[in-house]
Amino acid sequence: MNTSRTHIHLEMAACPLCGPEPGTTIRENFDPFRVVTCNNCGLVFLSPRLTEKAILKLYSDEKYYVSEVAGQGYDEYLEVRPNWIRTFTRRLDQIGKYQKPGKALDIGCGPGFFLEAAQAKGYEAHGLDPSDYIVKVAREKFGDRIRHGVIEKVDYAADEFDLVVAMDTFEHIYHPLKWLEAVRRIVKPGGLIAMTTPNPASFLSKISGRNWVSYKLPEHVFYWSPFTIRRVLEKDWEVLEINRAGQYATLGFLFRRLFRINSAPGGLLKSLLTFLNKFSLYSDNGSLTVIARKK
Ligand SMILES: [Zn+2]
């Protein structure tokens, strides 16, 4: 992104678990952004970062969604859909060890891939997303089960859900304690939260260094490890499991990531990608999945 025009929207951040006192150590420098580590608890976060107001403006832009979430346009959106549904079905199998299907909410639901997978398992699935554009897309399939907004402001009833999931969402949240409190309010006693989020202590993160795919700036503002995610959850939630996360992806997608191909290619490369997209595999993606029960 064009950082020269956004530098006036930068702010410093402090560790939400320890405050500013312990100070931080620079982990990676992506001028003008820095990924830092809290000297007390080891939480990895972005500071300086864009202000929340500036990032919400970015997310509300249709162009952001089409390129970042849906891929390089509608063809790729259809291309990635089956693999996301397989990925979410696998995560629902993990969750299924702890509860029977009930009423579920996906925070940051995007076009509704998790909802599709959850409905097929027998859940009554609902979705919430801050993007006007993607809410319109998801409503075509799920109607008024899709709400527009953020969890801290939307008026779900207390104890309404058996399950709240946030897949690749928690790393975007600027005020994680307030966000978790808002989630806790709407989950039934004994209900579950399940999250997948990039793990800075993962093998993939360690071997990739500053080229780790999950250093997605300016959007990813917190990087939770098994240790720090347990710490932020343990007051109100009983942590049931923390595992390495993976995802199904086409070989074409993995190839694009490996060679950092972001634009729509032409010629031979396009033919190669079309061929590779016929094949999918499940691989560790350097994230963690945590499942916890409301105390
Ligand atoms: Zn800390």
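## Contacts and overall form

In this predicted model, residues 24 or more positions apart account for 70% of those contacts in the protein that have a separation of 6 or more. Buried residues make up 47% of the 295 residues.

The protein has 10 helices and 13 strands. Its radius of gyration is 19 Å, close to the 19 Å that the globule rule gives for 295 residues, so the protein is as compact as a globular protein of that length.

## The zinc site

The zinc ion is coordinated at 2.3 Å by the SG atoms of Cys15, Cys18, Cys38 and Cys41, and along the chain these donors follow the spacing C-x2-C-x19-C-x2-C. Cys18 belongs to the loop between strand S1 (10-11) and strand S2 (24-30), while Cys38 is in strand S3 (residues 33-38), so this pair ties together parts that are 20 residues apart in sequence.

The arrangement around the zinc ion is tetrahedral, because the 4 donor atoms subtend angles of 105 to 114°. For comparison, the ideal angle for four tetrahedral donors at a metal is 109.5 degrees. Cys38 has a relative accessibility of 4%, and therefore counts as buried, the cut-off for that class being under 20%.

In soluble globular proteins, nonpolar side chains tend to be buried together. Here the largest nonpolar core has 51 residues, and those with the most contacts inside it are Ile151, Trp179, Met195 and Leu233. Helix H6 (residues 176-186) provides the largest share of this core, with 5 residues.

Once its neighbours within four places in sequence are left aside, Leu233 is in contact with Leu180, Met195, Val239, Val290 and Ala292. Apart from this core lies another, of 24 residues, which has Ile85, Phe113, Phe142 and Ile146 among its members.

## A buried serine

Ser131 is found in the loop between strand S7 (124-129) and helix H5 (132-142). With a relative accessible area of 0%, Ser131 is buried, and a polar atom of the Ser131 side chain lies 3.1 Å from the backbone nitrogen of Ile134.

Note on methods
Residues are numbered from 1 along each chain as its sequence is written. This is a predicted model: local features need pLDDT of at least 70, side-chain atom pairs count only at pLDDT 80 or more; totals for chains, interfaces and linings use all residues. Side-chain values use heavy atoms; hydrogens and water are left out. Donors are N, O and S atoms within 2.8 Å of the metal (3.2 Å for Na, K and Ca); water is not among the atoms, so sites may look incomplete. Four donors count as tetrahedral if all angles lie between 85 and 135 degrees; four count as square planar and six as octahedral if opposite donors are over 155 degrees apart and all others between 65 and 115; anything else is irregular. Helices (H or I, at least four residues) and strands (E, at least two) are DSSP runs, numbered from the N terminus. Buried means under 20% relative accessible area, exposed over 50%, partly exposed in between (1.4 Å probe, protein chains only). A polar contact is a pair of N or O atoms within 3.5 Å; within protein, one must be able to donate a hydrogen and the other to accept it, and residues adjacent in sequence count only if both atoms are side-chain atoms. A nonpolar core is a set of buried Ala, Val, Leu, Ile, Met, Phe, Trp, Tyr and Cys residues joined through side-chain atoms within 4.5 Å. Contact means heavy atoms within 4.5 Å. The radius of gyration is taken over C-alpha atoms; the globule rule is 2.2 Å times the number of residues to the power 0.38.
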